Amino acid sequence: MGKSQLKQLKERLKTSGFTGQTNVKKKQQKRHPATTRADKDLLLQSIREEFNPFDIKTTRQKHGDILGRKVQGAVGKPGLSKQIGEENRRKTLKKELERKNKVGAVIDRRFGETDPTMTPEEKMLERFTRERQARSSRSSTLFNLEDDDMYDADTLTHFGQSLSLDHDDFDAGNQVSANHDNSDLKRRAPVPGYNDDESDIEEPERKKSKNEVMKEIIAKSKMYKHERQKAKEEDLEEIENLDGELSDLQSLLFQTSASAQPGSVPADAERDTEYDAHVREMVFDRRAKPSDRTKTEEEIAEENARRLRELEEQRLRRMKGDVSEEEDDGRKTRLVPEADDLSDDFVYDDAAEFGFGKGLDESDSDNEEEGDKLEGSEMESPDEEEANSTYEDISLADEQPFPDTQSSVVSATTSKNKLLDSRPQVDAGLAFAYDCPSSYKELQSIFGEHNLENQVVIIERILTLHHPSLSKGNSGKLMKFGPILLEHALNLGDEPLQLHNESFNKLIQKIHDLAKAYPEPMAMAFREQLANVRDRLQAAIVRDRDQPTDYPLSSDMLLFVLIGVIFSTSDHFHLVVTPAMLLMGQHLTQFPVKTVGELAAGSLLARLFSKYQTLSRRYVPEAVNHINLLLLSCIKQSAIPEGFPLPSTVTKLAMEGDNNSTSLRNLQLSDIMCDTLLTQLSTPAEIQLALSIVKSDLESLKLFSSLWKGKDAYKEIFMPSLELLEILERELQMSPERAAVLGPIAHAVKDAANSLRNLIKMQTANRKPLALQQHKPIPIPTYAPKFEVNYSVDKKSYDPNMRRQEISKLKAQVKKERKGALRELRKDNAFVAREKLAEKKKKDKEYHEMLARLERTVASQG
């Protein structure tokens with residue numbers, strides 16, 4: 001059994017010569033004990049390390065024996081390192097922690113106090129030496145009058161004059177003149193013994209008392225006040241003099257040459273005639289008034305709603321006959337009778353004064369009367385102008401593809417005079433206050449038999465009275481009112497005559513504003529309308545050939561147009577636009593075209609696709625395929641080459657006769673209601689519509705060509721269309737009969753073919769055949785091991801690139817230093833936490849001891 005740790009320690013100390021007998025025999029004295037104190041300390045330290053192996057940590061190497069050489073791991077003393085680090089932190093971090101948030105410390109500036117290398121005797125000796133040196137230097141120069149370099153500020157003077165010997169006493173520059181008047185010098189009492197005619201030598205200034213100083217201040221204040229009053233009186237006197245002469249000046253200004261006496265007018269008075277005329281005009285000019293504060297949207301809405309309620313109350317009182325004299329007089333003075341109005345029962349419409357339903361008047365009307373300011377239309381918002389411009393871009397660009405909706409999409413940014421001249425007449429019997437309808441039936445009951453102009457006025461008044469800022473529940477009412485307006489607009493779209501009215505454009509603007517204010521309810525309303533259109537489209541696709549169908553309608557095309565106006569068509573995915581585009585593509589692809597109206601609907605949808613993709617420029621294959629099918633329907637069956645893919649759903653256009661004199665027109669929404677079969681075109685109007693459809697599709701093809709000319713697959717997209725155009729072009733050239741039938745579109749066919757041919761040629765010239773990707777050659781993998789001839793264990797890298805090797809070494813060094821810094825920061829944080837915890841425990845202990853002491857005191861007193 002091995003010996004205990006204590007016995008081993010005793011034996012080790014004994015063999016080292018620290019314990020045991022010292023007078024042993026020479027034969028036994030083989031040990032060599034330490035003689036000096038330093039050797040003894042080293043020996044004791046080695047003994048401690050030997051008997052405390054936990055203080056030493058050795059890092060084990062993975063391979064201890066490398067090429068016959070034993071490699072030992074790194075040896076460290078974590079306990080000692082931790083103790084040293086703790087002591088250093090106590091000297092630095094703890095001092096900073098104690099001085100934190102503390103100010104006003106006394107800094108010892110005595111010589112030698114901050115120098116730990118000096119002994120107290122040396123410090124006292126150095127202080128004594130410096131004190132004697134400073135005292136001796138002051139005593140040698142303090143009373144030395146000949147020293148000019150030191151104490152220049154202590155030069156002796158008398159009456160402000162230096163007593164030095166540099167200047168002569170009888171110099172003229174030093175004499176005081178008897179007539180010298182210096183305001184800065186104080187008056188002094190005359191020197192006794194001198195006469196008045198002697199030089200003005202004054203005594204030193206006497207210090208004034210507090211009473212004298214206050215009297216002098218009061219006197220100066222009264223003097224300044226008297227000067228101000230005097231200046232004010234002079235100004236008032238001058239003003240009174242000018243006011244007295246004003247009448248004479250006015251008489252001269254307004255004096256005319258006719259009223260002047262002969263001979264009294266000067267000879268050059270005729271030259272000032274124009275100047276006098278301008279002066280007389282300036283007298284009657286209205287003075288400028290300060291402009292009012294710009295009102296917020298909420299304030300404007302509240303003011304408009306209050307005005308409408310007041311007008312409604314006045315209307316109700318007039319209906320009951322309770323009209324005051326003031327209102328009656330005011331109303332009679334503002335009557336605007338028409339030709340068929342009677343003078344006894346004509347009722348003035350106060351809405352004209354309020355400004356609803358009259359057009360936009362944005363001019364500066366600060367100098368006009370209140371009635372003139374309120375006259376005109378309701379003020380439009382920037383969102384309405386944006387809606388107008390967007391709607392105008394879609395409907396009025398490029399040959400006006402939708403002339404039927406032209407009046408409904410006219411821009412509202414016209415001049416003031418045009419708006420005032422063309423504004424519709426509003427019925428005087430309209431009410432000024434309406435409840436917000438919650439269903440389409442309620443809206444119909446409100447409209448009654450009113451025309452579209454009056455309906456727009458009613459809608460404007462409903463929106464004004466139910467502005468969201470006026471009440472919390474108005475937002476919910478307007479959310480329901482938006483889908484109702486959309487349904488009403490689509491119902492109006494089935495009546496083509498309504499689309500020619502300018503008021504229809506205002507209705508669309510209101511829908512646009514509601515969609516912008518409440519996007520989610522309006523989006524759901526549009527999706528519901530699209531769902532209805534989809535159901536009717538699917539029913540029309542699977543219908544029998546002779547069975548009638550209610551698709552497509554003018555309202556369906558109007559719905560697609562409104563979606564392009566109100567929502568963004570350039571988004572990658574949109575809740576309303578994406579389903580609409582899918583539905584339009586389904587119509588162009590699957591809907592069987594039998595009549596001229598169905599062909600016109602496809603052409604309108606193709607044009608809408610070109611407008612939808614103006615910004616995003618995405619490829620729409622359905623539109624191009626529809627145009628190709630239309631070109632196939634114009635070509636004879638015999639002219640189509642063999643092998644050309646010909647769908648079975650293509651119906652040939654049956655047109656005969658000479659149509660060169662036929663003038664083509666723009667498509668209208670009402671054209672989609674034409675139910676004439678494509679195989680039964682006989683009347684000139686039907687042939688004109690069919691040729692107009694072909695021309696519209698050719699223009700759409702050119703639009704698509706300009707949109708997609710930057711795509712890599714441009715040739716593959718438009719090559720079939722170019723082949724069909726070339727076939728149709730050759731057919732027109734070779735067959736006079738076909739040239740007479742298709743004469744109105746011959747120029748459009750040639751123009752489209754040339755455009756596609758040139759663009760395809762340009763795109764093909766820049767195209768290159770496909771090739772493999774260009775990359776660095778891949779080396780053949782080898783399995784031979786890498787062998788270094790001059791291998792060394794101490795060498796870390798064998799990279800032949802010295803720059804890369806230095807960079808790698810620097811990166812490794814930075815990484816090592818970073819890890820070390822993070823380790824030290826963690827230790828510092830742990831030390832600060834321990835110190836704070838110890839301080840808290842100390843304070844808590846003192847607090848509890850104090851409470852215990854107080855409790856004992858109270859208990860002893862009780």
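Select aspartate 712, in the loop between α23 (684-707) and α24 (714-734); helices here are DSSP runs of H or I with at least four residues, strands are runs of E with at least two, and both are numbered from the N terminus. The model is predicted, so local features need pLDDT of at least 70 and side-chain atom pairs count only at pLDDT 80 or more, while totals for chains, interfaces and linings use all residues. Residues are numbered from 1 along each chain as its sequence is written, and side-chain values use heavy atoms, with hydrogens and water left out.

Aspartate 712 counts as exposed because its relative accessibility is 69%; exposed means over 50%, buried under 20%, and partly exposed in between, with a 1.4 Å probe and protein chains only.

Next, show α24 together with helix α26 (residues 746-765). Their axes are 9 Å apart and the packing angle is about 145°; axes are lines fitted to C-alpha atoms over the stretch in contact, and angles run from 0 to 180 degrees between N-to-C directions. The crossing is left-handed, a term for a near helix turned anticlockwise from the far one by less than a right angle. The contact residues divide into 14 nonpolar, 3 polar and 5 charged. Here Ala, Val, Leu, Ile, Met, Phe, Trp, Tyr, Cys and Pro count as nonpolar, Asp, Glu, Lys and Arg as charged, and the others, Gly among them, as polar.

Then move to helix α15 (residues 474-493) and helix α17 (residues 503-517), which pack at about 145° with axes 10 Å apart. This crossing is left-handed. Residues to select include Phe481, Leu485 and Leu492 in α15, and Phe504, Ile508 and Leu514 in α17. This contact is made up of 11 nonpolar, 2 polar and 1 charged residues.

Phe481 also belongs to the largest nonpolar core, which has 112 residues. Such a core is a set of buried Ala, Val, Leu, Ile, Met, Phe, Trp, Tyr and Cys residues joined through side-chain atoms within 4.5 Å. Phe481, Phe526, Phe560, Ile563, Met655, Phe718 and Leu725 have the most contacts inside this core. The most residues, 10, come from α23. Centre the view on isoleucine 563: leaving aside residues up to four places away in sequence, isoleucine 563 touches Phe526, Leu530, Val576, Val577, Ala580 and Tyr612. A second, separate core of 5 residues includes Ala305, Leu308, Leu311 and Phe432.

Two single residues come next. Alanine 531 is in helix α18 (residues 519-541) and is partly exposed, at a relative accessible area of 24%. Leucine 583 is 52 residues from alanine 531 in sequence and 9.4 Å away in space, C-alpha to C-alpha. Arginine 617 is in the loop between α21 (596-612) and α22 (621-634). Its phi is near 55°, a positive value in a residue other than glycine. Arginine 617 is partly exposed, with a relative accessible area of 38%.

Finally, show the whole chain. The secondary structure comes to 27 helices and 6 strands, and buried residues make up 29% of the 862 residues.

Terms used
Contact = heavy atoms within 4.5 Å.
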